[in-house]
Amino acid sequence: MTHPIPTYPPNNPEATADSPRIIPRSDHHVSRANISRNALKVLYRLKDGGYQAFIVGGGVRDLLLNRQPKDFDIATDASPEQVKALFGNARLIGRRFRLVHVRFRDEIVEVATFRGLGNEDLESEDRQILDDAGRIIKDNSFGSIEEDAWRRDFTVNALYYNIADFSIWDFVDGMRDIEARTIRLIGDPETRYREDPVRMIRAVRLAAKLGLQIHPEAAEPMARLGRLIDSVPAARLFDEFLKVFETGHALESYRRLREHGLFEHLFPATAAWLAADDSRGEAGGCRNRFIERALANTDQRIAEGLPVTPMFLFGVFLWGPVQDRANALRRTGQLSEVQALIDAGIEVTDQQIARITLPRRFSVPMREMLQLQPRFSRRQGRRASVLLEHRRFRAAYDLLVLRTELGDVPAELADWWTRVQTLSPEEQRREFNGGRGGGRNPQRSRSAEQSA
Ligand code: ATP
Ligand code: MG
């Protein structure tokens with residue numbers, strides 16, 4: 001089923017198919033020294049094969065903003081088959097929009113043929129015109145470089161670095177927005193958000209990551225159209241969750257998602273729990289501080305090169321709603337604290353997962369982390385000592401420390417669990433015995449002597 005073909009007038013009325021604004025090498029600072037060797041190899045091979053070859057998207061944008069890009073995507077007028085024919089180490093991927101992955105030892109370089117406008121939903125039979133032998137003679141999914149530029153989301157993402165002369169081609173006034181440090185949509189913002197509501201999240205994420213402002217016309221529709229995010233496939237939102245929260249700018253992204261009314265469409269139960277915070281201070285109440293501290297810790301870990309897992313932030317986001325639900329369950333039924341927490345964990349997680357997929361390998365440990373929380377209040381006995389050995393101890397302990405922000409855990413209890421981890425096994429045994437160790441415990445002998 002085909003959608004009407006959108007037409008996006010370029011923001012710059014002077015730009016036409018034969019005249020992008022071309023910024024010569026002397027007028028910009030994108031340097032080959034900052035482009036990966038493999039990407040350069042691919043670009044030169046395409047050029048020597050007689051094709052156009054450009055870096056486009058985040059790679060050009062980040063270099064212009066003096067950031068090191070995480071990868072370089074290449075756009076060309078060669079068809080995927082033509083690209084593949086040039087490289088021994090290439091594979092065709094993707095069903096509808098076939099891309100070529102050129103594989104190197106330490107990197108995969110993605111090469112895409114210029115894409116046309118509005119063909120996203122054409123089934124492959126409609127898309128391709130075949131000759132009698134079944135060879136593709138025309139593929140409607142492909143287009144000119146200018147069409148390829150217009151179908152991108154933001155002007156700063158639609159700049160093309162040309163390997164032929166190191167110039168930058170600009171069809172949509174992306175350079176102006178790079179200089180103004182501004183995220184602006186290509187074409188009418190509302191139309192572009194309706195086509196793909198994830199663009200709202202992308203705008204906020206890129207603004208947070210790169211310290212850009214969102215143009216007022218790009219920001220304005222968000223409050224109205226945020227609800228369109230509710231029907232985005234949950235698996236796609238999980239991919240986006242990872243980009244927003246697990247790449248080192250989670251705190252800033254979270255603040256901006258809330259500011260633009262988008263967070264509630266990602267974590268509705270968490271947003272409702274935050275809204276009910278009755279201890280609001282200057283920077284929001286203690287619930288917001290709890291979340292923000294977790295996000296800051298995650299950013300810090302990434303900055304230090306430490307591993308992060310999405311299960312932890314999901315658990316942080318769901319902790320409040322799970323507790324509320326567990327309390328409600330306890331009021332109505334005869335459930336134990338532990339059982340109420342287990343049932344609430346399942347319910348709240350199931351609701352959230354309908355919005356954003358969380359694969360089982362994360363959701364199972366996440367619920368374990370939540371369920372362990374009541375066990376921290378017991379410091380004595382075997383159940384307390386084996387908690388230290390639990391495979392979710394570390395994550396559960398990190399959550400315990402964060403909970404001191406909420407005031408639902410005394411700081412003294414968190415401090416005790418912090419300290420107990422630093423002790424020798426012998427000293428730990430003594431702690432778990434309530435300060436009384438075995439016969440080899442000198443402290444005990446001393447107190448025994450005193451009381452004798
Ligand atoms: P990052 O540095 O986080 O990877 P990016 O801009 O490179 O940011 P990608 O998801 O890698 O983001 O996308 C590459 C390019 O594809 C973008 O720069 C943009 O031109 C285009 N693009 C990505 N997502 C969309 C979208 N939803 N709508 C239109 N164009 C998009
Ligand atoms: Mg990218």
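Q: What do helices and strands mean here, and how many are there in the protein chain?
A: Helices (H or I, at least four residues) and strands (E, at least two) are DSSP runs, numbered from the N terminus. In this predicted model, the protein chain has 23 helices and 12 strands.

Q: Before we go on, how are things numbered and which parts count?
A: Residues are numbered from 1 along each chain as its sequence is written, while chains are lettered from A and ligands numbered from 1 in the order in which they are written. This is a predicted model, where local features need pLDDT of at least 70, side-chain atom pairs count only at pLDDT 80 or more, and totals for chains, interfaces and linings use all residues; side-chain values use heavy atoms, with hydrogens and water left out.

Q: What is pLDDT, and what is its mean in the protein chain?
A: pLDDT is the predictor's confidence in each residue, from 0 to 100. The protein chain has a mean pLDDT of 89, and 85% of its residues reach 70 or more.

Q: Where does pLDDT stay under 50?
A: One such stretch is residues 1-8, and for them the model has 14 contacts beyond four places in sequence. Another is residues 438-452, with nine contacts beyond four places in sequence. Here, contact means heavy atoms within 4.5 Å.

Q: How do I read contacts across the protein chain?
A: Look at how far apart the partners are in sequence. Among contacts with a separation of 6 or more, residues 24 or more positions apart account for 66%. Arg-37 and Glu-107 are 70 residues apart in sequence and 9.9 Å apart in space, C-alpha to C-alpha.

Q: Is Arg-37 buried or exposed?
A: Buried means under 20% relative accessible area, exposed over 50%, and partly exposed in between (1.4 Å probe, protein chains only). Arg-37, found in helix α1 (residues 37-48), counts as exposed because its relative accessibility is 64%.

Q: How much of the protein chain is buried?
A: Buried residues make up 51% of its 452 residues. For the surface, accessible areas come from the Shrake-Rupley method with a 1.4 Å probe; for residues, only the protein chains shown count as cover. The protein chain exposes about 22100 Å², and carbon and sulfur atoms supply 48% of it.

Q: What is a nonpolar core, and which residues touch the most other members of the largest one?
A: A nonpolar core is a set of buried Ala, Val, Leu, Ile, Met, Phe, Trp, Tyr and Cys residues joined through side-chain atoms within 4.5 Å. The largest has 118 residues, of which Phe-245 and Trp-417 touch the most other members. Helix α16 (residues 310-332) gives the most to this core, with 11 residues. Leaving aside neighbours within four places in sequence, the contacts of Phe-245 include Tyr-254, Phe-263, Leu-295 and Phe-317. A second, separate core of 14 residues includes Phe-114, Ala-158, Tyr-160 and Phe-171.

Q: How do I read the surroundings of ligand 1?
A: Start with the residues around the ligand: a residue is near a molecule or strand if one of its heavy atoms lies within 4 Å of it. Ligand 1 is surrounded by 16 residues, and the closest are Arg-61, Lys-70, Asp-196, Arg-205 and Lys-243. α2 (58-64), α8 (198-210) and α11 (234-245) each supply at least two residues of this shell, and α8 gives the most, with four residues.

Q: Which backbone angle is worth checking in loops?
A: Asn-66, in the loop between α2 and β3 (73-76), has a positive phi of about 60° although it is not a glycine. Phe-166 has a positive phi of about 65° and is not a glycine either; its loop runs between β9 (159-162) and β10 (168-170). Asn-66 counts as exposed at 59% relative accessibility, whereas Phe-166 is buried, with a relative accessible area of 18%.
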